[in-house]
Each structure stands twice: as structure tokens, then as C-alpha cells.
Amino acid sequence: MMENDSFAQRVLQVIAAIPFGTVTTYGEVARLAGSPRAARQVGGLLKRLPADSRLPWYRIINRHGQISLQGDDLLRQRDALEAEGIEISDDGKVDLARYRWQW
């Protein structure tokens, strides 16, 4: 990654690299993008993605292994993860030990 890339560009690069069938956390994305304390900014950036974005935004969950979104967005994220074979409990939890991206 280039030194002069913006944090937002680096976040998008990290997200694009998350492999099919794996998840990672907002904090991990922030750390890999060079700002380990910027997990909330990662969430804010994802919230502003266009609806037709091809980025696998749904592969990002919170540090407790849960989907942070609510309502229709939670259902969209759950459906997208399940389509990749990721199991999600009734309360929206993913087994990080099993599905976490090992970069």
C-alpha cells in the first residue's frame, strides 16, 4: 500500500481482500488499514457505501462475532453471509474461531 493512500482507500482495499466464506472485524480492518483505533470510522465508511457496491461489506462484523446492523440491513448481511456458507446463530453470532479471515 502506498504511504499517501487515504485511510478510506486503504479500508476499501482491505475489505476487497477479504476472501469468500470468511469474516473479519471492524477493528481488524482498521488495524490492517493502518489506524488500529478507527473501528468506528470503518463502520461509518461502510454505512456510506453505495447500495450497488461490489465490495464484500457484509463480511465485516463486530469484535464479539456479531452482526452490528439492525432491521433490513441485518437481514441483508445475514443472507449474504449464509450464501457464502457462513453459519449464523439466531442472535446474529458468527463463530470467529471458525470463520475469521487469517491473513
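**View A. Glutamate 28 in helix α2.** Glutamate 28 is part of helix α2. The model shown here and in every view is predicted. Glutamate 28 counts as buried, at 16% relative accessibility. Another joins the side chain of glutamate 28 to that of tryptophan 103, at 3.3 Å. Leaving out residues up to four places away in sequence, glutamate 28 touches Arg100 and Trp103.

**View B. The largest nonpolar core.** This core holds 28 residues. Which of them touch the most other members? They are Val23, Leu46, Leu81 and Val94. Several elements give two or more residues to the core. The helices among them are α1 (7-17), α2 (26-32), α3 (39-47), α4 (71-83) and α5 (96-99). Strand β2 (60-61) also belongs to that list. In soluble globular proteins, nonpolar side chains tend to be buried together.

**View C. Valine 23 and its surroundings.** Valine 23 is one of the core residues that touch the most other members. Residues up to four places away in sequence are not counted here. Beyond them, valine 23 touches Arg59, Ile61, Leu81, Ile86 and Val94, among others. The contacts of valine 23 also include Leu96, Tyr99, Arg100 and Trp101.

**View D. Leucine 81 in helix α4.** Leucine 81 lies in helix α4. Is leucine 81 buried or exposed? Leucine 81 is buried, with a relative accessible area of 0%. Neighbours within four places in sequence are set aside for its contacts. The remaining partners of leucine 81 are Val23, Tyr58, Arg59, Ile61, Ile67, Ile86, Ile88 and Val94. Two of them, Val23 and Val94, stand with Leu81 among the core residues that touch the most other members. Histidine 64 is 17 residues from leucine 81 along the chain, and their C-alpha atoms are separated by 16 Å.

**View E. Arginine 78 in helix α4.** Arginine 78 also has its place in helix α4. Arginine 78 is buried, and its relative accessible area is 14%. Its side chain reaches two backbone oxygens. The oxygen of serine 89 is at 3.1 Å. That of aspartate 90 is at 3.5 Å. With neighbours within four places in sequence left aside, arginine 78 is in contact with Ile67, Ile88, Ser89, Asp90 and Gly92. Ile67 and Ile88 are also contacts of leucine 81.

View F. Val42, Leu45 and Leu46 are the buried residues of α3. Seen down the helix axis, they fall within an arc of 100°, so they line one face of α3. An α-helix has 3.6 residues a turn, so residues three or four places apart point the same way. The buried residues of α3 pack against α1, α2 and β2. What does the face turned away from the buried side carry? There sit the exposed residues Arg40 and Lys47.

**View G. Helix α1 against helix α3.** Arg10, Val11, Val14 and Ile15 are buried in α1. They cover an arc of only 135° around the axis, which puts them on the same side of α1. These buried residues pack against α2, α3 and β2. α1 and α3 pack at an angle of about 80°, and their axes are 11 Å apart. That angle makes α1 roughly perpendicular to α3. From α1, the meeting residues are Phe7, Ala8, Val11, Leu12 and Ile15. From α3, they are Gln41, Val42, Leu45 and Leu46.

**View H. Serine 35 between two helices.** Serine 35 lies in the loop between α2 and α3. Serine 35 counts as partly exposed, at 23% relative accessibility. Leaving out residues up to four places away in sequence, serine 35 touches Phe7, Arg10 and Ala30. Arginine 10 is 25 residues away along the chain, with 9.9 Å between the C-alpha atoms of the pair.

**View I. Tryptophan 101 after helix α5.** Tryptophan 101 is found in the segment after α5. At 12% relative accessibility, tryptophan 101 counts as buried. Apart from neighbours within four places in sequence, tryptophan 101 is in contact with Val14, Ala17, Ile18, Pro19, Thr22, Val23, Thr24 and Leu32. Valine 29 is 72 residues from tryptophan 101 in sequence and 11 Å from it in space, C-alpha to C-alpha.

Terms used: Residues numbered from 1 in each chain as written. Predicted model: local features only at pLDDT ≥ 70, side-chain atom pairs only at ≥ 80, totals over all residues. Heavy atoms only, no water. Core = buried A, V, L, I, M, F, W, Y, C linked by side-chain atoms within 4.5 Å. Buried < 20%, exposed > 50% of the residue type's maximum accessible area, 1.4 Å probe, protein only. Helix = DSSP H or I, 4+ residues; strand = E, 2+ residues; numbered from the N terminus. Contact = heavy atoms within 4.5 Å. Arc of directions from axis to C-beta. Polar contact = N/O pair within 3.5 Å; in protein donor to acceptor, adjacent residues only side chain to side chain. Axes fitted to C-alpha atoms, helices over the stretch in contact; angles between N-to-C directions. Parallel < 35°, antiparallel > 145°, perpendicular 65-115°, else oblique.
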